[in-house]
Amino acid sequence: MPRLVDRAPTITGAEIAAELVPPRQFETATFESYRPDDDFSSQAVALERLRAFAGGWGPTKSRGLFSRAKKAPAGKPGVYLDGGFGVGKTHLLAALWSVAPGRKYFGTFIEYTALVGALGYREAVHLLKGASFVAIDEFELDDPGDTMMMTRLLSELVSHGSRVAATSNTPPNALGEGRFAAEDFLREIQAMADNFETLRIDGLDYRRREIEGHAVALPDDRLVAAVEQAAAAGRRVTRDSFADLVAHLGSVHPSKYIKMIDGVDVIALRDVRQLSSQTDALRFVAFVDRVYDAQIPVLASGQPLDAVFAADMLAGGYRKKYLRAISRLVALTSAASA
Ligand SMILES: Nc1ncnc2c1ncn2[C@@H]1O[C@H](COP(=O)(O)OP(=O)(O)OP(=O)(O)O)[C@@H](O)[C@H]1O
Ligand SMILES: [Mg+2]
């Protein structure tokens with residue numbers, strides 16, 4: 001049975017660039033398929049503002065030969081979607097991407113930092129420059145190096161005419177807070193924030209509208225049976241111990257996790273336990289993000305996967321990241337046992 005710990009892929013700048021499109025589950029996301037929740041008016045407001053932003057690219061539907069596109073209001077070159085988990089931020093970002101004309105990119109923050117890491121800053125700018133639209137999902141300023149690089153990259157792209165959009169669980173002016181000495185970078189963060197119109201999206205976790213509150217943990221014998229059943233059905237299942245996987249994640253750069261799970265249909269993890277190190281926890285979050293993007297169901301035994309983050313972690317600066325991972329783990333484990 002294949003194991004994830006045996007996979008230590010390499011990834012090139014060209015490969016990262018080729019992946020700069022929305023994840024499969026968002027390929028069909030449109031403004032029309034986004035259903036604003038009547039209980040949270042910010043959702044309808046965000047949808048309207050995003051349609052107006054897209055209006056800057058001209059009409060998305062033909063309005064007849066002689067009609068002219070309404071001129072877009074001279075707004076900011078960027079929009080920033082800030083909100084809780086599962087409220088449809090990525091859905092809206094992908095919808096915006098889908099109506100952008102010409103050359104355009106869609107990636108997570110981590111993919112853009114990996115691109116710069118693999119190609120070098122100049123080459124990465126050269127690749128992205130001149131695009132009509134650059135979408136950055138899961139914008140996070142976790143460290144000073146990324147902050148300098150990303151604020152510089154964004155201002156360079158914007159000054160060459162690209163429009164940008166970002167999603168985050170943190171409003172732009174609070175980026176970095178509780179994580180590093182953000183006050184040393186206030187000028188950069190503020191300059192970047194000035195390029196964005198911030199849209200706050202409130203709401204309930206859409207993934208949890210239908211799902212019970214906990215990640216599913218199976219008894220060991222049921223895990224074995226479920227793995228065998230999936231394999232017998234021709235699905236590619238990997239089987240790892242949770243502790244081994246977490247150790248392995250420390251030896252692979254997070255930008256490569258996407259390739260580590262390439263071609264996998266089901267992930268089985270046995271002996272899930274609470275994590276004691278924040279570094280391990282953050283790597284595991286990055287891994288969960290990629291598994292979620294790829295929509296790979298997860299079978300697990302031991303502690304429920306939503307209990308792996310210790311209380312002190314949940315109370316710290318990365319709280320929202322952990323909560324997002326929990327929301328995703330609940331969805332992934334219930335998909336596996338459905
Ligand atoms: N209002 C909505 N109408 C239709 N589908 C929605 C809506 N909100 C969310 N969804 C769907 O729910 C799922 C979760 O939404 P999405 O991933 O866009 O949320 P998110 O805000 O990006 O969450 P996260 O903070 O985890 O990144 C997606 O499949 C998305 O298409
Ligand atoms: Mg998202």
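Contact here means heavy atoms within 4.5 Å. The model is predicted. By that cut-off, four residues of α5 are listed at its meeting with α6: Y121, R122, V125 and L128. Their partners in α6 are M149, R152, L153, E156 and L157. Sorted by class, the contact has six nonpolar and three charged residues, with no polar ones.

Helix α5 covers residues 121–128, and helix α6 covers residues 144–159. Their axes come within 11 Å. The crossing angle is roughly 35 degrees, and the crossing is right-handed.

## Helix α8: length

Helix α8 runs over residues 220–232, 13 residues in total. At 1.5 Å a residue, α8 should span 18 Å. The C-alpha atoms at its ends are 18 Å apart, so the two values agree.

L223, A226, V227 and A230 are the buried residues of α8. These cover an arc of only 100 degrees around the axis, so they lie on the same side of α8. An α-helix has 3.6 residues a turn, so residues three or four places apart point the same way.

The other side of α8 has exposed residues: D221, Q229 and A232.

Just after α8 comes G234, with a positive phi of about 85 degrees.

Definitions and conventions
Residues numbered from 1 in each chain as written. Chains lettered and ligands numbered in written order. Predicted model: local features only at pLDDT ≥ 70, side-chain atom pairs only at ≥ 80, totals over all residues. Heavy atoms only, no water. Axes fitted to C-alpha atoms, helices over the stretch in contact; angles between N-to-C directions. Helix = DSSP H or I, 4+ residues; strand = E, 2+ residues; numbered from the N terminus. Left-handed = near helix turned anticlockwise from the far one by under 90°. Nonpolar A, V, L, I, M, F, W, Y, C, P; charged D, E, K, R; others polar. Expected span 1.5 Å × (residues − 1). Buried < 20%, exposed > 50% of the residue type's maximum accessible area, 1.4 Å probe, protein only. Arc of directions from axis to C-beta.
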